[in-house]
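Please look through the structure below with the sequence at hand, and then follow the briefing topic by topic.

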Amino acid sequence: MDRPYTILSCAVSLDGYIDDASPDRLRLSNDEDFDEVDALRAECDAILVGAGTVRKDNPRLLVRSPARRERRLAEGRTGDLVKAVLCESGKLDPGARFFVTGDAGKVVYTGASAYPAAEQRFLDSPGTSVVDAGDPPALEVVLADLARRGVKRLLVEGGTHVHTLFLTSGVADELRLAVAPFFVGDATAPRFTGPGVFPDGPGSPMRLEDVRRLGEIAVMRYRSVRAGDPGEAASAGTDAQGLETGTDGGAFDAAAHGTDR
Ligand SMILES: NC(=O)c1ccc[n+]([C@@H]2O[C@H](COP(=O)([O-])OP(=O)(O)OC[C@H]3O[C@@H](n4cnc5c(N)ncnc54)[C@H](OP(=O)(O)O)[C@@H]3O)[C@@H](O)[C@H]2O)c1
């Protein structure tokens, strides 16, 4: 399958939750970590989330650092990334920040039956495309469409259903996990992933590439090393920050202590 090199990024509590059950967003990160995620965003072509995250958090998903935006613009890219959302029902508010912020295009991937109504809903949203991803909607369709749009590096920022979908489908090449030093302990709160059959299971564990401390946040980076994984080939020569790698993978250290943090 022709697909982008795909990096999953998530912040979790010590007990694996990615939010609490309150209407407010739980802060699981700190400024250093946000800045590093911003650097990661700046090196990608598109950012993808699920409709649940757009409805709950109303995120902007922009590149925040002016220097990184300038660098992207100087490279002939947009300041922000293409934003993609998986929304089987097609039911999202075109007035959400996701759609009305950023200087790059937005794509809504719906199920086939929801597509006509969703297309109508976004008719007056310039820069937003609605794509029929099939019935049921298929991740292969989504990833092939992003690849056709020139997306070579995709950053996936949640939530639970979307992370589970990418991981169980075996299309997550890298995982960046930031762990906050507290517990949530509420069974009704969302976790990083739900149940499923994960190709990166005990028989084929991911490779731990890097562990670092950002204040009280622990950041771990894993790479999928399944045999024949197209992501391995797609990533050859670069790490998650888009930096050139040596054969010993030492560029992860270079990325961790890079000049722009
Ligand atoms: N800590 C973090 O790093 C972090 C990051 C992001 C989000 N979060 C949290 O995650 C929670 C949201 O997670 P969630 O699991 O409820 O929502 P989600 O994963 O963001 O989105 C789920 C939605 O995606 C759509 N979907 C799923 N599979 C699809 C497919 N194959 N094709 C098209 N659409 C598909 C469905 O949309 P429809 O409903 O339209 O059918 C589904 O309801 C929030 O609490 C948020 O704060 C945390």
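**A helix, a sheet and a ligand**

The buried residues of α7 are covered by elements that include β1, β2, β3, α6 and β6. The model is a predicted one, and its protein chain has a secondary structure of nine helices and nine strands.

**Helix α7**

- The residues of α7 that are buried are Thr160, Val162, His163, Leu165, Phe166 and Leu167.
- Just after the end of α7, glycine 170 has a positive phi, with a value of about 70 degrees.

**The sheet and the helices on it**

- The sheet is open and is formed by nine strands, which follow one another in the order β5-β4-β3-β2-β6-β1-β7-β9-β8, and the pairing among them is mixed.
- At the edges of this sheet lie β5, which spans residues 128-132, and β8, which spans residues 207-214, and each of these strands pairs on one side only.
- Neighbouring strands of the sheet are turned against each other by 20 degrees on average, if direction is ignored.
- The edge strand β8 pairs with β9, residues 217-223, in the antiparallel sense, and this pairing runs over seven bridges.
- Within this pairing, arginine 212 has valine 219 in β9 as its bridge partner.
- Helix α6, made of residues 139-148, lies across β2, β3, β4, β5 and β6, and it runs at about 170 degrees to β3.
- Helix α7 also packs on the sheet, where it touches β1, β2, β3 and β6, and its direction makes about 140 degrees with that of β1.

**The surroundings of the ligand**

- The ligand is surrounded by 30 residues, and the closest of them are Gly50, Gly52, Pro137, Gly158 and Gly159.
- At least two residues of this shell come from each of β1 (5-12), β2 (46-50), α2 (51-57) and α7 (160-168).
- The element that gives the most to the shell is α2, which contributes five residues.
- Sorted by class, the shell around the ligand consists of 15 nonpolar, eight polar and seven charged residues.

**The chain as a whole**

- Of the 261 residues in the protein chain, 39% are buried.

Conventions: Residues are numbered from 1 along each chain as its sequence is written. This is a predicted model: local features need pLDDT of at least 70, side-chain atom pairs count only at pLDDT 80 or more; totals for chains, interfaces and linings use all residues. A residue is near a molecule or strand if its C-beta atom, placed from the backbone, lies within 6 Å of it. Helices (H or I, at least four residues) and strands (E, at least two) are DSSP runs, numbered from the N terminus. Ala, Val, Leu, Ile, Met, Phe, Trp, Tyr, Cys and Pro count as nonpolar, Asp, Glu, Lys and Arg as charged, and the others, Gly among them, as polar. Two strands pair if DSSP finds at least two bridges between them. Axes are lines fitted to C-alpha atoms, for helices over the stretch in contact, and angles run from 0 to 180 degrees between N-to-C directions. Two residues are in contact if their C-beta atoms, placed from the backbone, lie within 7 Å. A residue is buried if 20 or more other C-beta atoms lie within 10 Å of its own, exposed if 12 or fewer, and partly exposed in between; C-beta atoms are placed from the backbone.
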